[in-house]
Amino acid sequence: MDNDKKTTYVIGHKNPDTDAIAAAISYAYLKNLTSDKSNYEAMRCGNINSETQYVLDRFNIKPPRFIGDVRTQVKDMEIRSLPGISSEMSLKEAWLTMKENNVVTLCITEGKYLKGLITTGDIVETNMAVYESDMLSKTNTSYENIAHTLDGTMITGELSGHFEKGKVLVGAGNAEQLEEFMDEGDIVLIGNRYEAQLCSIEMGASLIIVCGGYSVSPSIQKIAEEKNCRIMTTPHDTFTVARLINMSMPVGKFMKSNNLITFKPDDYIEDIKPIMAETRHRYFPVVDSKGYYVGMVSRRNFLGARKKRLILVDHNERSQAVQGVETAELAEIIDHHRLGTINTGKPIFFRNQPLGSTCTIIYTMYLEAGIDIPKDIAGIMLSAIISDTLLYRSPTATQIDKNAGSVLSVIAGVNEEELAKEMFSAGSNLGDKTASEIIHQDFKKFTVGDTVIAIAQISSMDVNELHTIKERIEPELDDTLVSDKLDMVFIMLTNILKESSEIIYCGANADRILEAGFGTAARNGHVTLNGVVSRKKQMLPAVTSAIQGE
């Protein structure tokens, strides 16, 4: 894939079922074959249930990556990937690096780790400050930094090493005056006077800097080598050298290293905006979860932050969508449910058909695009259709679903009846799940006016298994009502073979809503509804109509 393209996430609803996961995978595959505008990646915003995991394992397909929040993050901004600098870099070199890259901040790194940062303001401050003459040795300045800062050439002695002891002085007077002020190990800025050069060497200077571009006699060079004194020449005059030499000090001695404000690529920009607003910094370091330096972001990068781009499949209800959906850029919706509460700021591609499965719609789109369906993709799409239509027993099932399933079963090389039994058996094998996990494995929230409800569905071919599940989850309903902030919750325990559902429920007026919706008495938190097996086409419309009629 082209890594320069923006990625579009294809994602189903929270607590995804087989249709949501299969639709995301199969539609992302189709979009990658038919569009060159983006990379499309299937994602999920909830845990994969047992039935879906069986399907993915059966057809050897890797589960989509999890994303729990699609708000814009630091990694969606333009991160300036300016390399970190060494703490040994000179102040002058740091200044030039800032100018060259048009930034006012540089990050100092040690290996991959952020060590500190320095700004133009810090460098200006050091340039304006009045320092003692031994400041270069106190900051352990390298001879290499001195040479680079002064455009100098080391003609005697090694360029490596650091100025560790002594002061910097200007050898402007005669030899006697120089002897009065100079100590062993000093750096002497000097001209072309032979006597002053010789005196400096004899007095034990660690380095003499010959200013003005003057040459140094071979005899002085020989004596310097014998006395282990370095000699450097520079084209700059003595005044300029005296002004510049402190700019050779290492940035590590002046950097900010305590209480650094850093961000991580996964931080949400709405969370870091207040932090940026409270500080005067223009640039902020970005470090990854290991503390490795990544780059820098600035205030103006907010303007170019890219919203995450989404395609929603198998839902169009905001309450069912991934967190932060309202901040994302919606590109498409492919769904087979009622029109919900998702709003968009501009027109998008929206395909909604009254079919038993979202994967039936996507199957049709493969045909329309003339794209062959691979065996593994056909397998998961068939599984989704079987799951959502309860092997065509649900009233949501259409002839189009059956025709699609028939073709997909041939491509996948499986028997629909056998696949259905294995899927439903895997889906109802909930022995290792908590009561809450069982309830939420196929759990959808809906908003009807001011009322928030949830309808969960658990399907099985075994009546005893459904009875066991009921006993486990009934005590959890009150807590679910509170934890999910619901007015009512309904759990459909669907017997696929008998084509009926026992409804267990909780919430104020839930019994009256069921009685009004289905014309049957609901008592003691449960009621059996013969012929009711579809949440989408039977349960939700009846409950919605009853609530609206209250």
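Predicted model: local features only at pLDDT ≥ 70, side-chain atom pairs only at ≥ 80, totals over all residues.
I started with the cysteines, and Cys-107 is buried at 1% relative accessibility (buried means under 20% relative accessible area, exposed over 50%, partly exposed in between, with a 1.4 Å probe and protein chains only). Cys-506 comes out at 12% relative accessibility, so this residue counts as buried too. I then looked for disulfides and found zero in the structure (a disulfide is a pair of cysteine sulfur atoms within 2.5 Å).

Residues are numbered from 1 along each chain as its sequence is written, and side-chain values use heavy atoms, with hydrogens and water left out.

**Met-98**

I looked up Met-98 next and found this residue in helix α3, residues 91–101 (helices are DSSP runs of H or I with at least four residues, strands are runs of E with at least two, and both are numbered from the N terminus). Met-98 has a relative accessible area of 1%, so I wrote it down as buried. What does Met-98 contact, leaving aside its neighbours within four places in sequence? I got Val-103, Val-104, Thr-105, Leu-106, Ile-118, Thr-119, Thr-120 and Ile-123 (contact means heavy atoms within 4.5 Å). For Thr-119 I also took the C-alpha to C-alpha distance to Met-98, which is 8.7 Å across a gap of 21 residues in sequence.

**Helix pairs**

I went to α1 (residues 18–34) and α12 (residues 358–369), which pack at about 15 degrees with their axes 9 Å apart. Axes here are lines fitted to C-alpha atoms, for helices over the stretch in contact, and angles run from 0 to 180 degrees between N-to-C directions. The pair α1 and α12 is therefore roughly parallel (angles under 35 degrees count as roughly parallel, over 145 as roughly antiparallel, 65 to 115 as roughly perpendicular and the rest as oblique). I have the crossing of α1 and α12 down as left-handed (left-handed if the near helix is turned anticlockwise from the far one by less than a right angle, right-handed if clockwise). On the α1 side the contact includes Asp-19, Tyr-27 and Leu-30, and on the α12 side Cys-359, Ile-362 and Met-365 are among the residues. By class, I noted ten nonpolar, three polar and one charged residues in the contact of α1 with α12 (Ala, Val, Leu, Ile, Met, Phe, Trp, Tyr, Cys and Pro count as nonpolar, Asp, Glu, Lys and Arg as charged, and the others, Gly among them, as polar).

Next were α13 (residues 375–389) and α14 (residues 399–412), with axes that come within 8 Å and cross at roughly 145 degrees. The crossing of α13 and α14 is left-handed. Among the contact residues I listed Lys-375, Met-381 and Ile-385 of α13, and Asp-401, Leu-408 and Ile-411 of α14. The class count for α13 with α14 is eight nonpolar, four polar and two charged residues.

How do α19 (residues 510–518) and α20 (residues 535–548) cross? Their axes come within 8 Å, at roughly 110 degrees. That makes α19 roughly perpendicular to α20. The contact includes Ile-513, Leu-514 and Phe-518 of α19, plus Met-539, Val-543 and Ile-547 of α20. I counted no charged residues by class in the contact of α19 with α20, against nine nonpolar and two polar.

**Loops**

Ser-160 is in the loop between β6 (153–156) and β7 (168–170). At a relative accessible area of 49%, Ser-160 is partly exposed. Not counting residues up to four places away in sequence, I found Ser-160 touching Tyr-143 and Arg-230.

Arg-299 lies in the loop between β12 (293–298) and β13 (309–313), and is partly exposed at 32% relative accessibility. Leaving aside neighbours within four places, the contacts of Arg-299 include Met-276, Arg-280 and His-281.

I finished with phi. Most residues other than glycine have a negative phi. Asn-228 has a positive one, near 60 degrees, and sits in the loop between α9 (218–226) and β10 (230–233). Asn-228 is exposed at 68% relative accessibility. Lys-485 has a positive phi of about 55 degrees, in the loop between α18 (477–483) and β18 (488–495). Lys-485 is exposed, with a relative accessible area of 70%.
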